[in-house]
Amino acid sequence: MKAITVEPRKPGTARYEDFPEPGVHEGSVLVEAVAVGVCGTDVEIVEGKYGWPPAGKERLVLGHESLGRVIDPGPSSSLKKGDLVVGIVRRPDPVPCPNCAVGEWDMCRNGQYTERGIKEIHGFMSERWRIEPEYAITVDPSLGILGVLLEPMTVITKALEQVLLVGQRSFCEPKTALVTGAGPIGLLAALRLSSRELQVHVLDRAETGPKPELVRALGATYHTGSVLGLGFDPDIVVECTGVGSLIADSIQKVGAGGIICLTGVGAGGVASRAVADVAAAAVLKNNVLIGSVNANKRHWYRAGENLARSDREWLSRLITRREKPENFKQALTRQPGDIKVVIQFSEV
Ligand code: BGC
């Protein structure tokens, strides 16, 4: 079969190539790939900045935002041939740490977790893949290709759960939420926040393209420019860019008792303000800064329900480009107006 593979930590090694069929040890359920979403993590892996191959191997099959159709459900599965499924990304560490031991692999303590298409286990950018039945999530068949948005939806489902849990530390009646970054994660955050009684604001660099209208369609307000220039102090900030200056500005701007949830993974940048000054702003306002990554099974189920209930027409506008697997390099190269680019392996 064909697969998109890469030698992690070596830039320029990604290829669409012949690759062995997945072995039964990778899971008893055999799946035909329909589509795989591309995200910033995939770009980083291809650029040689992130990622780990399976033990004893050089190459890793890329891709963690999956959608596939069951070809063979295997012996001990409640799945049926033809079901649309998405694969959970992370697997618990083998020790296991206390969190992985209770199914909270998203909160792994020792870093020995594995992740499909990212860390030590093959991903989903291959014509066929296998999965353990307990890690295959069925998606509402009426979602069709939109099922590929489930993985990013799980990330935001966990992040917002964390915000709500932290909010319970004191009397909390949030009125305004700010999302920084109108990529897929930011827009899905805005979608979920706008289903609550909150005024939702989204800030992004793009002045044209589909983002402003997608935000307005949710009844939310779209902003460009700086966080500090906003005319209100948000109660909740969901930071989806990983850009240092936006994070520092968000800490300064968030209201008293406010919560900032960081979901973006950035690097470098130039410190524009002293860390102690940024921290002092947080201390004096009782702010909480939470980092949130990945998702466990509870979030996958909730995200699946939320996705199935969401406006299909709005969701479909998030998928701005579909590329063939042989054109994966184009898929990984950002173009103006891109939100979610998917690599399509077969028709839904
Ligand atoms: C994925 C997460 C993963 C994280 C860190 C993100 O792109 O969506 O599932 O945990 O990268 O590897």
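**Where the domains meet**

Guide: Between domain 1 and domain 2 the count is one residue pair in polar contact, both residues at pLDDT 80 or more; such a contact is a pair of N or O atoms within 3.5 Å, where within protein one must be able to donate a hydrogen and the other to accept it, and residues adjacent in sequence count only if both atoms are side-chain atoms. On the side of domain 1 that touches domain 2 there are three nonpolar, two polar and four charged residues (Ala, Val, Leu, Ile, Met, Phe, Trp, Tyr, Cys and Pro count as nonpolar, Asp, Glu, Lys and Arg as charged, and the others, Gly among them, as polar).

The model is predicted: local features need pLDDT of at least 70, side-chain atom pairs count only at pLDDT 80 or more, and totals for chains, interfaces and linings use all residues. Residues are numbered from 1 along each chain as its sequence is written, and side-chain values use heavy atoms, with hydrogens and water left out.

Domain 1 covers 2–138 + 318–344 and domain 2 covers 154–291, the bounds coming from an automatic or database domain assignment. Nine residues from domain 1 and 10 residues from domain 2 take part in the contact (heavy atoms within 4.5 Å). The two domains bury about 680 Å² between them, 73% of it on carbon and sulfur atoms; this is the accessible area (1.4 Å probe) that two parts lose on being put together, summed over both.

One salt bridge is found across the interface of domain 1 and domain 2, the term meaning a side-chain nitrogen of Lys or Arg within 4 Å of a carboxyl oxygen of Asp or Glu. D106 and K158 form a salt bridge, with their closest N and O atoms 3.1 Å apart.
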